[in-house]
Amino acid sequence: MSKEHRGRLQAQGGGTEKSESWSQDDPLTKEEGLSLLERLWERLTSREQKDRAKQFDSARRFIENVEGGVDAPLGKSFLNRKKRSVRVDIEVLAGTAFVVALLLFYFL
Amino acid sequence: MSTPFPYADFLENEASYLAAQQVWQDLIRRVASVHGYQPLDYLNLEQNGTPLRDGNPIAAASVAGKGIRIIQVGQEADGNDFSAWFNTFGKGDPATEREELVIDLTLTHGTLSISAILIELWVAGRLDEAGLGAWVLGWGLEEE
């Protein structure tokens, strides 16, 4: 059975398709989101990292700057605009994501 | 080099943002109408009831089950002023999975025109990966 809060972070394009996903009963916190993003970054090759360094920064800034969480369905892409489709995607598929840990009490 | 479209200050000016957004909504509605459809929302463009006005995306709609997502960036953004790709939103998640055409651009008369062509081809079922690649080539993109 699907969990209430689901989504994934992806490094896509240029032959790369790597992702980190979440599926859980509670909203994803910012800390968890940033941790997943870091885990995804560490799974990339040095070339894949080089092509997406600014895009990871943009995704990180988006997560950090969210106020009060974001509700699904949400899709954002941060494109390396020197390439056709080399990018980092954020997909919030169900529920809420990127809440601050304290706000979790509100959702529970 | 295309002439910049009006609403170049869309990220700083709410009226410009809404006007640019309306351009995309009208375009998608017209294409949908030609094919006998109404566009439907499939992405949340708000955050806690407040519209997200960062242009990412500036518009998103589903026509005949096909997603169309438009990302508009500011005139000063690095890189090429147009790109497009296919994405499977929610891949592997049956409740949300949807094929989408994603277009990333700086809004100019030229990029609006090519976007209109791609959206029409996509809704008509006449755009595949090879065709999309051929349309996007020529915008000075580096080989991936």
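Tyr37(B) sits in the loop between H1 and strand E1 (46-47) of chain B; helices (H or I, at least four residues) and strands (E, at least two) are DSSP runs, numbered from the N terminus. The model is predicted, and local features need pLDDT of at least 70, side-chain atom pairs count only at pLDDT 80 or more, while totals for chains, interfaces and linings use all residues. Residues are numbered from 1 along each chain as its sequence is written, and chains are lettered from A and ligands numbered from 1 in the order in which they are written.

**Two residues of chain B**

- Tyr37(B) counts as partly exposed because it has 17 C-beta neighbours inside 10 Å. A residue is buried if 20 or more other C-beta atoms lie within 10 Å of its own, exposed if 12 or fewer, and partly exposed in between, with C-beta atoms placed from the backbone.
- Leaving aside neighbours within four places in sequence, Tyr37(B) is in contact with Ala32(B), Val63(B) and Ala64(B). Two residues are in contact if their C-beta atoms, placed from the backbone, lie within 7 Å.
- Tyr37(B) and Val123(B) are 86 residues apart in sequence, and their C-alpha atoms are 9.8 Å apart in space.
- Thr88(B) belongs to strand E5 (residues 82-89) of chain B.
- Thr88(B) has 14 C-beta neighbours inside 10 Å, so it counts as partly exposed.
- Not counting residues up to four places away in sequence, Thr88(B) touches Glu97(B) and Glu99(B).
- From Thr88(B) to Leu52(B) the separation is 36 residues in sequence and 22 Å in space, C-alpha to C-alpha.

**Chain B as a whole**

- Chain B has 3 helices and 6 strands, and from the N terminus on its elements run α-β-β-β-β-β-β-α-α.
- The C-alpha trace of chain B spans about 40 × 35 × 30 Å along its principal axes.
- The radius of gyration of chain B is 15 Å, which agrees with the value near 15 Å for a compact globule, because chain B has 144 residues. This radius is taken over C-alpha atoms, and the globule rule is 2.2 Å times the number of residues to the power 0.38.
- Of the 144 residues of chain B, 38% count as buried.
- Among contacts in chain B between residues at least 6 apart in sequence, 56% join residues at least 24 apart.

**The largest nonpolar core**

- The largest nonpolar core holds 52 residues, and Ile28(B), Ile68(B), Ile70(B) and Ile103(B) touch the most other members. Helix H1 (residues 14-34) of chain B gives the largest share of this core, 6 residues.
- Such a core is a set of buried Ala, Val, Leu, Ile, Met, Phe, Trp, Tyr and Cys residues joined through C-beta atoms within 7 Å.
- Apart from residues up to four places away in sequence, Ile28(B) touches Pro39(B), Ala59(B), Ala61(B), Val63(B), Ile68(B) and Ile119(B).

**The sheets of chain A**

- In chain A, 4 strands form an open sheet in the order E2-E1-E6-E5, with antiparallel pairing. Its edge strands are strand E2 (16-24) and E5, and each pairs on one side only. Two strands pair if DSSP finds at least two bridges between them.
- E5(A) and E6(A) pair in the antiparallel sense over 6 bridges, and Leu74(A) has Val92(A) in E6(A) as its bridge partner.
- Helix H1 (residues 30-43) of chain A packs on this sheet and touches E1 and E2 of chain A, and its direction makes about 155 degrees with that of E2(A). Axes are lines fitted to C-alpha atoms, for helices over the stretch in contact, and angles run from 0 to 180 degrees between N-to-C directions.
- Helix H2 (residues 46-65) of chain A lies across E1, E2, E5 and E6 of chain A, at about 40 degrees to E6(A).
- Another open sheet of chain A has 3 strands in the order E3-E7-E4, with mixed pairing. Strand E3 (28-29) and E4 of chain A each have a single partner strand, so one side of each is left without a neighbour in the sheet.
- E3(A) and strand E7 (residues 96-99) of chain A pair in the parallel sense over 2 bridges, and Thr29(A) stands opposite Val99(A) in E7(A).

**Contact between the chains**

- 25 residues of chain A are in contact with 25 residues of chain B. On the side of chain A that touches chain B, E5(A) gives the most, with 5 residues.
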